[in-house]
Amino acid sequence: MRDDTVVIAPCGNYEIAAVKEALRSAIGSLNGFDSIRRGMRIGIKANLVAAGAPNTAMTTHPVVVTALTELLIERGASVVVGDSAGGPWTLPYMNRIYSVSGMQSAEAAGGELNRDFAEGDASFPEAVKARSFRYTAWLDGCDAIINVCKLKSHGMMGLSNAVKNMFGTVPGLLKPEYHYRYPNPNDFADMIVDLCEYWKPVLHICDAIVAMEGNGPTRGTPYPLNLLLVSHNPYFLDWTAAKIVGLDVDDVPTLQAAKRRGYLPDRFENVPISGNWKEYAAPDFERILNRNSTLFSETDTLIGRMTRGFMTAALGAKPAVRKKQCVGCRHCADICPAKAIRMENRLPIIDRKACIRCFCCQEFCPVGAMQVHRSPIAKWINR
Ligand code: SF4
Ligand code: SF4
């Protein structure tokens with residue numbers, strides 16, 4: 001039977017020998033190498049959301065990917081590393097990200113960086129939301145997938161970790177369209193859980209040696225947590241990661257979706273964990289708390305809709321531009337799936353009625369000028 005324990009593996013730096021030993025020990029304790037056989041082609045699904053250097057904590061650190069690549073090759077497997085970023089699903093675009101994020105080290109270790117940019121169409125009748133979807137076809141060539149995510153705060157989803165990382169199986173520029181198709185955070189979360197269930201990675205590894213707090217998932221601040229988390233169960237892993245950074249199920253729509261499906265136990269104490277998570281708790285980690293966004297989203301009565309409208313307008317997090325930081329590149333306007341941004345005098349103006357609060361503009365602003373804004377009362381309620 002699969003061991004669903006979440007292993008907390010202390011690791012104080014990105015020294016390759018230390019990371020490799022921490023991974024070897026954690027994966028071994030779960031018998032996680034048993035599913036890796038000689039001759040298999042393993043897809044490492046990293047987080048390569050955008051072109052960020054390793055010290056920005058924007059992407060999975062290359063040393064984690066490289067150490068895992070070496071361990072898999074030692075077992076006779078071949079390795080391909082990939083992800084779809086929030087831009088064109090093309091070789092030049094991804095090459096730049098491979099280069100800036102330092103992923104060539106995985107290639108130097110004998111792995112391969114994905115250069116297959118074909119797309120496929122999936123049918124998944126058992127899904128709650130994503131019964132059909134388009135995906136990055138490089139995953140078809142893999143005998144098994146290992147999900148290697150980065151622990152980051154996230155404007156829309158509260159937490160970017162194992163489950164959220166599977167949204168990177170949707171080709172780049174289609175992602176804003178999926179935000180538009182599922183504007184309700186609960187629906188969006190259900191869609192991502194569907195993707196996670198469809199691909200069913202054989203193992204989930206969270207790089208939290210240095211996590212990202214604040215204005216994540218691309219322009220937040222690096223925060224050293226000095227640990228790796230490893231599990232066969234992405235929902236248990238995400239709940240553990242959430243608790244460590246001061247979040248809980250109500251703060252993370254993908255965890256709520258998992259709870260609705262019965263994937264989580266009633267109490268966190270019933271999640272099997274190897275290691276004492278409280279030793280790593282980071283009470284000062286800057287979180288994006290936005291419970292109001294989902295609080296009334298299930299209510300479809302007139303009063304429920306009115307309440308939701310009021311709560312969202314008054315208390316929901318929203319994107320806001322820091323004018324002094326903005327360089328007028330109009331990237332936010334181009335990527336906005338709701339066409340809610342127009343440029344005036346090289347500054348973005350947001351149509352609040354059209355905005356679906358997907359935070360694509362915040363995620364992909366190249367200079368961090370677009371931020372998650374919460375009113376003082378929302379901060380007080382969500383404190
Ligand atoms: S993407 Fe950022 S820098 Fe560019 S126009 Fe929008 S807010 Fe300004
Ligand atoms: S303005 Fe930003 S948050 Fe609002 S819909 Fe557009 S991209 Fe999404």
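# Ligand shells, domains and loops

Trainee: How many nonpolar, polar and charged residues does the shell around ligand 1 have?
Mentor: This is a predicted model: local features need pLDDT of at least 70, side-chain atom pairs count only at pLDDT 80 or more, and totals for chains, interfaces and linings use all residues. Residues are numbered from 1 along each chain as its sequence is written, while chains are lettered from A and ligands numbered from 1 in the order in which they are written. Ala, Val, Leu, Ile, Met, Phe, Trp, Tyr, Cys and Pro count as nonpolar, Asp, Glu, Lys and Arg as charged, and the others, Gly among them, as polar. By that scheme the shell has 10 nonpolar, two polar and one charged.

Trainee: Which residues around ligand 1 come nearest?
Mentor: A residue is near a molecule if its C-beta atom, placed from the backbone, lies within 6 Å of it. There are 13 residues around ligand 1, and those that come nearest are Cys326, Cys329, His331, Cys332 and Cys365.

Trainee: And which come nearest to ligand 2?
Mentor: The shell around ligand 2 divides into 12 nonpolar, no polar and one charged. Of its 13 residues, the nearest are Cys336, Ala338, Cys355, Cys358 and Cys361.

Trainee: What radius of gyration does the protein chain have?
Mentor: The radius is taken over C-alpha atoms, and the globule rule is 2.2 Å times the number of residues to the power 0.38. The C-alpha trace spans about 55 × 45 × 40 Å along its principal axes. With 383 residues, a compact globule would have a radius near 21 Å, which agrees with the chain's 20 Å.

Trainee: What percentage of the protein chain's residues count as buried?
Mentor: A residue is buried if 20 or more other C-beta atoms lie within 10 Å of its own, exposed if 12 or fewer, and partly exposed in between; C-beta atoms are placed from the backbone. Of the 383 residues, the buried share is 49%.

Trainee: Why is helix H8 described as largely enclosed by the rest of the structure?
Mentor: Helices (H or I, at least four residues) and strands (E, at least two) are DSSP runs, numbered from the N terminus. H8 covers residues 234-244. Among its buried residues are Tyr235, Phe236 and Trp239. H8 is largely enclosed because its buried residues number 10 of the 11.

Trainee: How far apart are the end C-alpha atoms of helix H2?
Mentor: The expected span is 1.5 Å times one less than the number of residues. H2 has 13 residues (62-74), which should span 18 Å; this agrees with the end-to-end distance of 18 Å.

Trainee: Which helix gives the most to the side of domain 1 that touches domain 2?
Mentor: By an automatic or database domain assignment, the chain is divided into domain 1 (6-280) and domain 2 (292-381). Two residues are in contact if their C-beta atoms, placed from the backbone, lie within 7 Å; 18 residues of domain 1 are in contact with 20 of domain 2. Helix H6 (175-181), helix H7 (185-199) and helix H9 (253-260) each supply at least two residues of the domain 1 side. The most, four residues, comes from H6.

Trainee: Is Lys339 buried or exposed?
Mentor: Lys339 sits in the loop between helix H12 (331-335) and strand E13 (341-344). Its phi is positive, about 50 degrees, although it is not a glycine. Lys339 has 11 C-beta neighbours inside 10 Å and therefore counts as exposed.

Trainee: Is Phe359 buried or exposed?
Mentor: Phe359 is placed in the loop between strand E14 (347-350) and helix H13 (360-364). Phi of this residue is also positive, near 65 degrees. With 24 other C-beta atoms within 10 Å, Phe359 is buried.

Trainee: What distance in space separates Pro88 and Leu174, C-alpha to C-alpha?
Mentor: Pro88 lies in the loop between strand E3 (78-82) and helix H3 (91-101). Not counting residues up to four places away in sequence, Pro88 touches Tyr93, Gly172 and Leu173. Pro88 and Leu174 are 86 residues apart in sequence, yet their C-alpha separation is 9.0 Å.
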